[in-house]
2 protein chains.
Amino acid sequence: VGQKLVIAVRGDLRMSIGKTAAQVAHAAVIATLEAAGSPRLAAWLEAGQPKVVVRVLSLEALEAAMARAADAGVATSLVADAGRTELEAGTKTCCAFGPDTDAALEPVTGDLPLL
Amino acid sequence: VGQKLVIAVRGDLRMSIGKTAAQVAHAAVIATLEAAGSPRLAAWLEAGQPKVVVRVLSLEALEAAMARAADAGVATSLVADAGRTELEAGTKTCCAFGPDTDAALEPVTGDLPLL
């Protein structure tokens, strides 16, 4: 069974590459810490911790994906920026979904394009 | 005392934004797992897990930074790509330094420009 962590990033915020990478990393670290000790974390690490970075075009689209995750029982880790650079404090920049199986994630993030 | 995790990415590989973000996230997750249970991880998480993404222009420059880290006693987490997309398997794409104090990281990555 395939495992992955999907991170959806807001494309509408026009973050720099470095800022984008830092936000995605933040989401991945939070997801890892929140899944500590779980079988799904162990399975994902065993698989080489595959990550897929996808794009949403608004906060509303990010929240819609989070609502689908809640319905599907998929874990979410939302990042709110600290506001030190580029963005206002509290701006929701990205969200990690999982780590979980490909099958569990498909209805949640399967329609989102790669970043 | 300021805490951070610095991730240095190879700019010469011309990775896409999504690929870059996934590699940086990979480095950050490895660094977090390798620091599990340590005071330096706790201090960094307490500080809001600040991350700085910087650029090197060659594998040699990345390895030079890793040598400086070894001299300074700073932890490194090197990412070798799995080769599923864009790159050949085993390509060294980025490396995390720390998490550690700003002072410990300054001689290691202080001269590298932001990505």
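## A facing pair in two strands

Val79(A) stands opposite Cys94(A), a residue of strand S4 in chain A. This is a predicted model, and what follows should be read with that in mind. Strands S3(A) and S4(A), the latter covering residues 92-101, run antiparallel and are joined by five bridges.

## The sheet

Strands of a sheet pair through backbone hydrogen bonds, and they may do so in a parallel or an antiparallel way. In chain A, four strands form an open sheet in the order S2-S1-S4-S3, and the pairing within it is mixed. The edges of this sheet are strand S2 (51-56) and strand S3 (76-80) of chain A, each of which pairs on one side only. If direction is ignored, neighbouring strands of the sheet are turned by 20° against each other on average.

## A helix across the sheet

Helix H1 of chain A, made of residues 17-34, lies across strands S1 (3-10), S2, S3 and S4 of chain A, and it runs at about 140° to S3(A). One residue of helix H1 in chain A is Thr32(A).

Is Thr32(A) buried or exposed? Thr32(A) has a relative accessible area of 3%, and because buried means under 20%, Thr32(A) counts as buried. When neighbours within four places in sequence are left aside, Thr32(A) is in contact with Leu41(A) and Trp44(A), and also with Val29(B) and Leu33(B).

## Chain A as a whole

Chain A holds four helices and four strands, and from the N terminus on its elements follow the order β-α-α-β-α-β-β-α. For 115 residues, a compact globule would have a radius of gyration near 13 Å, and chain A agrees with this, having 13 Å. Taken along the principal axes, the C-alpha atoms of chain A fill a box of roughly 40 × 25 × 20 Å.

Of the 115 residues in chain A, 48% are buried. Among contacts in chain A between residues at least 6 apart in sequence, 73% join residues that are at least 24 apart.

## Two copies

Technical notes: Residues numbered from 1 in each chain as written. Chains lettered and ligands numbered in written order. Predicted model: local features only at pLDDT ≥ 70, side-chain atom pairs only at ≥ 80, totals over all residues. Heavy atoms only, no water. Pairing = 2+ DSSP bridges. Axes fitted to C-alpha atoms, helices over the stretch in contact; angles between N-to-C directions. Contact = heavy atoms within 4.5 Å. Buried < 20%, exposed > 50% of the residue type's maximum accessible area, 1.4 Å probe, protein only. Rg over C-alpha atoms; globule rule 2.2 N^0.38 Å.
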